[in-house]
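Let's take a walk through this structure together. Keep the viewer open and follow along as the text moves from one place to the next.

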Amino acid sequence: MSIKTYLDSRPSFKRFVHWMLIPTGQARPRLWVSWFVNPFIHKKHRSAAIRANVRMDVLPFNAFTLGAHSTIESFSVVNNGVGDVTIGEHCTVGIGSVVIGPVTIGSDVIIAQHVVMSGLNHVYENIMLPIHRQPVTTRPIVIEEECWIGANAVITAGVTVGRHSVVAGGSVVTKDVPPYSVVGGNPARILKQYDAANGLWQKPSIAAAL
């Protein structure tokens, strides 16, 4: 029996363990978890860098991985509380960005400043309860290899951004982006795509909605 299955079968003990890891009503783990547990569980390559003032809301019961020569810049937030966060090799997470799992980022990805990508959504349908007391849902975000996500972009839950694609600054991406595409706007639309037949990046005759 896995630890998760064991805890799920014992709700009272699970609540106690959760309280030991995270103060009530908070997302940030207790200091003893950050100092003495996470470094031995999560996989950060020795050549990777997490800059000063990054808020690492990472917990031991979900994965966090940072690949070789990747950097998380200052004032960013990384949270794996409801899903794994995996960042590949040679990636940059720009200043002030927010990554809330489940999120998988391939290698050679540029994430500019103040980008938000969250695989989490709040349930709101029960009008008898405040939204913050209702459950959350998750859908994985996947950023494939060689992408560039521009400053102030928002990637919503469940979206896959295909290989070697560009998301223009300030865009809100609500649907999957095909590989080798440039998208922009709110909601994001396809602005250009690579045509392998002639080796050119071309604008569609009418900008296609994602």
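We can start with a pair of strands: β1 and strand β4 (residues 64–66) pair in the parallel sense over 2 bridges. Strands here are DSSP runs (E, at least two residues), numbered from the N terminus, and two of them pair if DSSP finds at least two bridges between them. Within this pairing, Lys-43 stands opposite Thr-65 in β4.

Before going further, a word on the model: it is predicted, so local features need pLDDT of at least 70 and side-chain atom pairs count only at pLDDT 80 or more, while totals for chains, interfaces and linings use all residues. Residues are numbered from 1 along each chain as its sequence is written, and side-chain values use heavy atoms, with hydrogens and water left out.

Now widen the view. The two strands belong to an open sheet of 6 strands, whose order is β1-β4-β7-β10-β15-β18 and whose pairing is parallel. At its edges stand β1 (43–44) and β18 (160–161); each has a single partner strand, so one side of each has no neighbour in the sheet.

Next, look for the cysteines. How many disulfides does a search of the whole structure find? The search finds 0, a disulfide being a pair of cysteine sulfur atoms within 2.5 Å. For Cys-91, the closest cysteine sulfur is the one in Cys-147, and at 9.8 Å it is too far for a bond. Are these two residues buried or exposed? Cys-91 is buried, with a relative accessible area of 2%, and Cys-147 is buried too, at 1%.

Another buried residue is Ser-171, with a relative accessible area of 1%. You will find Ser-171 in the loop between β19 (166–167) and β20 (172–173). Not counting residues up to four places away in sequence, Ser-171 touches Asn-152, Ala-153, Val-154, Val-183, Gly-184, Gly-185 and Ala-188; contact means heavy atoms within 4.5 Å.

Finally, turn to the aromatic rings. The structure holds 2 aromatic pairs. Rings of Phe, Tyr and Trp (its six-membered ring) pair if their centres lie within 6.5 Å; planes under 30 degrees apart count as stacked, over 60 as edge-to-face and the rest as tilted. The rings of Tyr-180 and Tyr-194 have centres 6.4 Å apart and planes at 50°, so this pair is tilted. The pair links distant parts of the chain, 14 residues apart: Tyr-180 sits in the loop between β20 and β21 (181–185), and Tyr-194 in strand β22 (residues 188–195). Tyr-180 is partly exposed, with a relative accessible area of 33%, and Tyr-194 is partly exposed at 37%. Between Tyr-194 and Trp-201, the ring centres are 5.5 Å apart and the planes at 55°, so that pair is tilted as well.

Trp-201 itself is in strand β23 (residues 200–202) and is partly exposed, with a relative accessible area of 34%. Leaving aside neighbours within four places in sequence, its contacts include His-164, Ser-181, Val-182 and Lys-192.

Key: Helix = DSSP H or I, 4+ residues; strand = E, 2+ residues; numbered from the N terminus. Buried < 20%, exposed > 50% of the residue type's maximum accessible area, 1.4 Å probe, protein only.
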